[in-house]
Amino acid sequence: MAPTKSVVFVLGASGSIGSATVKSLSEKYAGKVEIRAGVRNPQKADKLKDLKGVTLVQANMADKDNLTTVLAGVSTLYIVVPGAENRVELTVISADAAKKAGVKHIVIVSVSMADLKNTIFGKHFTEIEGKIKGLGVAYTILRLPYFMDNFLGFAATVKSNGQFYLPLSADRSYVVVDTDDVGQAAAAILVDPSRHAGKTYHLASARVTNTEIANVIASLLGKKVSFVQSDAKTTKEVLLGYGLPEWQVDGILELFEQTEKGSPLLNPKDIGDIRKITGADPRSLKEYINAYAGVFQ
């Protein structure tokens, strides 16, 4: 009889981080582990249902009984912390359910600002990381910086007037991450968790400045593209106009404020963790922009 595969469960699998992880698991490790993708509504998870070796599971982070049931037999759990204001509560419920169900290792998403306890995101993730560390279950923490995906939001104004805007200096450097790179790293950890027990990784794909971003987009389009530094008030109005809740907008503005101040948490010297985990170089700024060329053209 063939040995039983260990079970890997991605909780919060329908978002960008979760789906990238499930896709990487399917492409690289479907023959090695049993992959379960936990989503609130399996009927709406079209991009996951046809992936090789993936089983969709209805999972509600607010329902401890539901989670305890669906996590039975799971070896390694990946908690993709949601963007909800009550994410601390949801993560605590998920972690407690995992322990009760007998999960052996938890991998969890955190943020680069987790040590900045006086910020909105920092407060949330200080509590979340503390819960995971004190649970009595092996763990790995993945701290993530600003997403490259946010650059795609520049497309509309780049098309209309050749400019994009952030409340940062043009040459202030900061680190960013591609969600696909996060998925690759998370998948590698999930299938071999013992190597990563007790570790906190800072996942980054590239170090950038807004001037460099403008130059890469300009080179792609063959036209002048400029970065313009906006102020916090205008940025807040724009983000609220996109429909983001005010607490989240205020958290994002704190991230920009700390970046502008040169916080080493948002521009660390060592950005090699993705390569250490996966053995491959993460995607560069130029590679990322070129991959989404059609968005800017």
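Analyst: In helix α8 of this predicted model, the buried residues are N210, I213, A214, V216, I217 and A218. The helix covers residues 210–221, 12 residues in total, and spans 16 Å from its first C-alpha to its last, close to the 16 Å expected at 1.5 Å a residue. After α8 comes G222, with a positive phi near 70°.

One of the buried residues of α8, I213, leads directly to the interior. The largest nonpolar core contains 67 residues, and I213 is listed with F9, L71, F151 and Y174 as having the most contacts inside it. Helix α4 supplies the largest share of this core, seven residues. For L71, with neighbours within four places in sequence set aside, the contacts are F9, L77, S94, A97, A98, A101 and V103.

Across the whole structure, eight aromatic pairs are found. In the pair formed by Y146 and Y174, the ring centres are 6.3 Å apart and the planes stand at 75°, so the arrangement is edge-to-face. Because Y146 lies in strand β7 (residues 146–147) and Y174 in strand β9 (residues 174–177), this pair ties together parts that are 28 residues apart in sequence. Y146 and Y174 are both buried.

The two strands that carry these tyrosines are members of an open sheet of three strands, ordered β7-β9-β11, with mixed pairing. Its edges are β7 and β11 (206–208); each has a single partner strand, so one side of each is left without a neighbour in the sheet. Between β7 and β9 the pairing is parallel, over two bridges, and F147 stands opposite V177 in β9.

There is also an open sheet of seven strands, with parallel pairing in the order β3-β2-β1-β4-β5-β6-β10. Strands β3 (54–58) and β10 (199–202) form its edges, each pairing on one side only. Direction ignored, neighbouring strands of this sheet are turned by 20° against each other on average. Helix α4 (residues 87–101) packs on the sheet, where it touches β1 (6–11), β4 and β5, and its direction makes about 175° with that of β4. Helix α5 (residues 120–133) lies across β5 and β6 (138–144) and runs at about 165° to β5.

Strand β1 runs parallel to β2 (residues 33–39), and six bridges join the two; V7 has E34 in β2 as its bridge partner. Strands β4 (residues 76–79) and β5 (residues 105–111) pair in the parallel sense over four bridges, with I79 partnered by I108 in β5.

How values were computed. Residues are numbered from 1 along each chain as its sequence is written. This is a predicted model: local features need pLDDT of at least 70, side-chain atom pairs count only at pLDDT 80 or more; totals for chains, interfaces and linings use all residues. Side-chain values use heavy atoms; hydrogens and water are left out. The expected span of a helix is 1.5 Å times one less than its number of residues. Buried means under 20% relative accessible area, exposed over 50%, partly exposed in between (1.4 Å probe, protein chains only). Two strands pair if DSSP finds at least two bridges between them. Axes are lines fitted to C-alpha atoms, for helices over the stretch in contact, and angles run from 0 to 180 degrees between N-to-C directions. Contact means heavy atoms within 4.5 Å. Rings of Phe, Tyr and Trp (its six-membered ring) pair if their centres lie within 6.5 Å; planes under 30 degrees apart count as stacked, over 60 as edge-to-face and the rest as tilted. A nonpolar core is a set of buried Ala, Val, Leu, Ile, Met, Phe, Trp, Tyr and Cys residues joined through side-chain atoms within 4.5 Å.
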